[in-house]
Amino acid sequence: MRIAIVGSGFAGSILARILALQGHRVLLVDRARHPRFALGESSTPLAAICLERLAARYGLDDLHALAAWGRWMERLPHLRRGLKRGFTFYGPEQRRMLVAASPSDAIADTHWLREDVDHHLAKKAAETGAEILEEVDLDGLEALSEGWRLSGTQRGRSVRFEADLLIDASGPGGFLARHLPIPSMEVAAPRTSLIFGHFEGVSGFPGAGNDGPYPDEKAAVHHLLEEGWMYVLPFDHGVVSAGFVITGDFPLSSDAGWDQILSRYPALRDQFASARPVRPLGRIPRLQHRLTRAAGDRWVLLPHAFCFLSPLFSTGIAWSLLAVERLALLLEAGGDPEGISRYGVLLVQEADHLQKLIAGAYEAMRDFDRFASYSFLYFAAASFAEASQRLLPEPDGVPWVWQGFLGSTDSTTREILDRVLMALRQGPAERFGEEVRNAIAPRNLAGVADPARNGLYPVDLDSLVESAGLLGLTREEILREVPRLRGAVVRGVQQ
């Protein structure tokens with residue numbers, strides 16, 4: 001099959017490489033040239049699981065290395081990255097919460113310096129047999145009886161090519177959104193904008209503690225602010241990725257907006273007092289976007305081209321890799337229209353679920369305690385999915401990739417989300433933490449929402465073992481499975 005993929009970021013490049021291995025004729029097209037800057041830098045355990053499955057199925061050892069910080073350091077040290085041990089949240093009056101995703105650096109998650117990672121993966125796709133066309137400005141799309149004709153220019157020269165299947169792996173307002181009648185839809189989560197940059201010379205955060213399950217700043221750090229929230233992602237080579245996600249309208253320019261917000265928070269101002277941007281600050285006026293459809297006749301969208309809501313829980317890399325897995329399996333089997341339709345329907349279900357999850361998080365954000373309690377919903381859903389995929393057989397022989405992302409096709413998880421949202425919007429504020437704790441109990445393998453932890457949640461093997469019944473396993477069965485994980489972690493399971 002002739003397959004054209006528009007967008008050579010990590011998802012497009014991994015998919016192109018796999019499809020070339022399957023024997024398809026793959027053309028990977030991008031309007032830019034590698035190496036190039038890209039956002040979407042914070043990985044999670046669910047992303048690691050996808051990378052490991054893809055590595056095992058298609059013999060891609062570098063993907064296995066990218067799934068854990070220790071393996072990355074050993075096998076791909078030339079690709080810059082950052083150690084991510086979990087999620088750190090700071091609020092006003094020195095409020096703080098840490099949720100660990102790994103018990104050690106060796107099997108920890110990573111922040112991806114996309115400039116390096118995307119370039120590496122694009123080169124690997126080319127080495128495998130995919131043809132790459134960079135610096136191409138696509139401006140024409142024509143439907144043929146059996147496929148598509150695409151046209152554009154490359155450095156002033158006209159280019160034209162045909163494909164049986166067209167996959168959009170670009171971003172918001174990408175190629176297919178501009179050339180096919182795919183309506184946009186309103187996103188329920190509050191409108192947000194982003195001011196962002198990469199910085200050198202960033203100091204340690206003055207409010208960081210030393211009593212948590214990992215060093216506070218070896219994580220995806222979140223500061224809850226009046227304007228919205230700030231992320232701080234440290235890389236190992238001393239550069240820090242940081243951005244203000246701002247709710248509502250914020251008409252200032254990037255530099256003025258950055259300085260104005262920093263000036264309102266003395267601790268952040270001090271942390272960035274000596275910081276120097278390594279490139280001009282950027283601004284995205286509106287982060288949220290969503291289309292009504294994710295697939296159609298001979299065309300498919302990857303998640304970021306279809307829908308993006310918020311970087312709040314670092315869902316982007318994992319969701320994209322899950323979609324890559326699905327399409328790889330579909331096209332390995334021939335790519336029948338029924339399978340492509342199933343893919344599109346599932347992405348819509350997942351977007352609906354994520355919209356509800358993110359909307360509630362922003363509603364809770366002005367109150368640190370309520371936000372912390374609400375976030376346990378995400379951590380419970382994520383850890384339950386991680387443990388299920390590590391410890392259980394595929395349900396009814398259906399590959400895990402067809403189970404909805406973050407429990408979006410699981411009736412229990414959906415009911416929990418609805419119950420928590422009702423408590424958030426209608427229940428008494430003083431009882432919200434208790435309501436969340438009770439609601440997430442059927443999916444809480446990680447032991448989150450325990451007031452005795454004082455907001456510090458390490459990886460907890462005991463909690464997983466004692467909650468074995470939630471997975472339909474006995475305590476002894478989980479203990480027998482631990483060696484099979486080969487160093488993977490499931491909120492407390494480590495070889």
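## Histidine 289

At 13% relative accessibility, histidine 289 counts as buried (buried means under 20% relative accessible area, exposed over 50%, partly exposed in between, with a 1.4 Å probe and protein chains only). Histidine 289 sits in strand β18, residues 289-290; strands (E, at least two residues) and helices (H or I, at least four) are DSSP runs, numbered from the N terminus. The side chain of histidine 289 comes to 2.9 Å from the backbone oxygen of histidine 304. If you skip neighbours within four places in sequence, histidine 289 is in contact with Pro172, Val187, His304, Ala305, Phe306, Cys307 and Phe308 (contact means heavy atoms within 4.5 Å).

## What kind of model this is

This is a predicted model, in which local features need pLDDT of at least 70 and side-chain atom pairs count only at pLDDT 80 or more, while totals for chains, interfaces and linings use all residues. Residues are numbered from 1 along each chain as its sequence is written, and side-chain values use heavy atoms, with hydrogens and water left out.

The average pLDDT of the protein is 93, and 96% of the residues score at least 70; pLDDT is the predictor's confidence in each residue, from 0 to 100. Residues 488-495 are another story: pLDDT stays under 50 there, and the model has 41 contacts beyond four places in sequence for that stretch. Where pLDDT is low, the predicted coordinates should not be read in detail.

## Helices α1 and α2

Start with α1 (10-21). Its 12 residues should span 16 Å at 1.5 Å a residue, and the end C-alpha atoms are 17 Å apart, which agrees (the expected span is 1.5 Å times one less than the number of residues). Helix α1 is mostly covered, with 11 of its 12 residues buried; among them are Phe10, Ser13 and Arg17. Just after α1 comes glycine 23, with a positive phi of about 100 degrees.

Helix α2 (residues 45-58) has 14 residues that should span 20 Å, and its end C-alpha atoms are 20 Å apart, so expectation and model agree. It is largely enclosed by the rest of the structure, because 11 of its 14 residues are buried. The buried set includes Pro45, Cys50, Glu52 and Tyr58. What do the buried residues of α2 pack against? The list is α1, α3 (61-66), α4 (69-75), β6 (109-112), α10 (316-332) and α12 (368-391). Glycine 59 follows α2, and its phi is positive, near 70 degrees.

## Serine 320 and α10

Serine 320 is part of helix α10 and counts as buried at 8% relative accessibility. Setting aside residues up to four places away in sequence, serine 320 touches Phe10, Ala11 and Pro303. Serine 320 and phenylalanine 10 are 310 residues apart in sequence, yet 9.0 Å apart in space, C-alpha to C-alpha.

## Nonpolar cores

The largest nonpolar core has 134 residues, and Ile5, Ile167, Tyr343 and Tyr374 have the most contacts inside it. Apart from that core lies another of 20 residues, including Phe199, Met230, Ile261 and Phe272. A nonpolar core here is a set of buried Ala, Val, Leu, Ile, Met, Phe, Trp, Tyr and Cys residues joined through side-chain atoms within 4.5 Å.

Not counting residues up to four places away in sequence, the partners of tyrosine 343 include Ala294, Leu302, Pro303, Arg326 and Trp402.

Cysteine 50 is buried, with a relative accessible area of 2%, and cysteine 307 counts as buried at 2% relative accessibility.

A cis peptide bond joins histidine 34 and proline 35, with omega about -5 degrees. Proline 35 lies in the loop between β2 (25-29) and α2.

Serine 314 is not a glycine, but has a positive phi of about 55 degrees. Serine 314 belongs to the loop between β21 (307-308) and α10, and is buried, with a relative accessible area of 8%. Leucine 406, not a glycine either, has a positive phi of about 55 degrees. You'll find leucine 406 in the loop between α12 and α13 (411-426), buried with a relative accessible area of 3%.

How values were computed. A polar contact is a pair of N or O atoms within 3.5 Å; within protein, one must be able to donate a hydrogen and the other to accept it, and residues adjacent in sequence count only if both atoms are side-chain atoms.
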